[in-house]
Amino acid sequence: RKNLVVAIDGYSSCGKSTLAKALAKKLGFIYIDSGAMYRAVTLYFLRNHIDMNNEEAVKDALQHIELNFHSRDYESHITLNGEEVSEEIRQMPVSENVSEVSAHKLVRKDMVKQQQRMGKSKNIVMDGRDIGTTVFPDAQIKFFMTADPKVRAERRFKELQSKGDTSTTLEDVFENLAHRDYADTTRAESPLTRAEDAVILDNTEITPQEQLDFAIEQVKLHF
Ligand code: C5P
């Protein structure tokens, strides 16, 4: 491939998007948050009460979904059929259902196709669960991120609180992360797993800046 792709995968809430945004900014690449796409699809399915067991209904729903990214200073903003949903897709109802929706074969097929199209000719940084394994197995550099589950839950809890969510407890967040990690690693369709050639990055004890410095060093080695 002629264009450059940085693939970032890993467990839930271990700072993938923080690293991806910072790297994209530093490299002048486009940042694409693949999780936001699965979240937006989930929001549509919830709003329209789509029965995940009804293949025709899922197929039909996917045909009525149009997703678009609008980048503002490397913050990814996503629209669902023209509506800005970036805030709503981070809330608990979506978080609680996204792993089930994203495990669906038809949903994955559709999203992967769109993601591959987005990374066809431009230099990109994409984060998710299957970017280095399924979406861009030929990415020039792949990271696999991880961190202690308690540390991850605390970080996400603080983030929710800072956004005014006072009803979600630390326990709720911890359970949601554990549930998503389990569902994402055990599903049949492109489960979360480390690509053999991915660089492992455990950020339990390092700062975002240290993590970025490490990643830039790695990128320099691979490009
Ligand atoms: O990255 P984020 O935590 O926002 O992703 C939400 C969920 O979307 C994940 O828990 C996973 O179920 C799903 N996902 C996926 N494949 C991706 C990105 C996200 O299955 N490439």
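1. Basis. This is a predicted model, in which local features need pLDDT of at least 70 and side-chain atom pairs count only at pLDDT 80 or more, while totals for chains, interfaces and linings use all residues. Residues are numbered from 1 along each chain as its sequence is written. Helices (H or I, at least four residues) and strands (E, at least two) are DSSP runs, numbered from the N terminus.

2. Ligand shell. The ligand is surrounded by 14 residues, of which G35, Y38, S102, G128 and R129 are the closest; a residue counts as near a molecule or strand if its C-beta atom, placed from the backbone, lies within 6 Å of it. Two or more residues each are given to this shell by α2 (34-47), α4 (92-102) and α8 (170-186). The largest share, four residues, is that of α2. Sorted by class, the shell has three nonpolar, six polar and five charged residues. Here Ala, Val, Leu, Ile, Met, Phe, Trp, Tyr, Cys and Pro count as nonpolar, Asp, Glu, Lys and Arg as charged, and the others, Gly among them, as polar.

3. Helix α7. This helix, residues 149-162, has 14 residues and reaches 20 Å from its first C-alpha to its last, close to the 20 Å expected at 1.5 Å a residue (the expected span is 1.5 Å times one less than the number of residues). R152, A153, R156, F157 and L160 are its buried residues. They cover an arc of only 130° around the axis, which puts them on the same side of α7; the arc is that of the directions from the helix axis to the C-beta atoms. A residue is buried if 20 or more other C-beta atoms lie within 10 Å of its own, exposed if 12 or fewer, and partly exposed in between, with C-beta atoms placed from the backbone. K150, K158 and S162, on the other side of α7, are exposed. The cover over the buried residues includes α8, where contact means C-beta atoms, placed from the backbone, within 7 Å. Just after the helix, G164 has a positive phi of about 90°.

4. Helix α9. What do the 15 residues of α9 (residues 208-222) span? The end C-alpha atoms are 21 Å apart, which agrees with the 21 Å that 1.5 Å a residue should give. Q211, A215 and V219 are buried in α9. These buried residues fall within an arc of 75° seen down the axis, so they line one face of the helix. An α-helix has 3.6 residues a turn, so residues three or four places apart point the same way. The face turned away from the buried side of α9 carries the exposed residues Q209, E210, D213, E217, K220 and L221. Packing against the buried residues of α9 are β1 (5-10), α1 (16-27), β7 (141-146) and β8 (199-202).

5. Strand β7 and its partners. Five of the six residues of β7 are buried, so this strand is largely enclosed by the rest of the structure. β1 and β7 run parallel and are joined by five bridges; two strands pair if DSSP finds at least two bridges between them. A7 has K142 in β7 as its bridge partner. Parallel pairing over four bridges also links β7 with β8, and M145 stands opposite L201 in β8.

6. Antiparallel sheet. Three strands form an open sheet in the order β3-β4-β5, with antiparallel pairing. β3 and β5 stand at the edges with a single partner strand each, so one side of each is left without a neighbour in the sheet. Six bridges join β3 (residues 67-72) to β4, with S71 opposite S76. β4 and β5 (residues 83-84) pair over two bridges; L80 has E83 as its bridge partner.

7. Hairpin turns. Which residue takes a positive phi in the hairpin of β3 and β4? The residue is D73, near 50°, with two residues between the strands. The hairpin of β4 and β5 also has two residues between the strands, and there N81 takes a positive phi near 45°.

8. Residue R117. R117 lies in helix α5 (residues 105-118). This residue counts as exposed, with 9 C-beta neighbours inside 10 Å. The C-alpha atoms of R117 and V135 are separated by 10.0 Å, and the two residues are 18 residues apart along the chain.

Methods
Contact = placed C-beta atoms within 7 Å.
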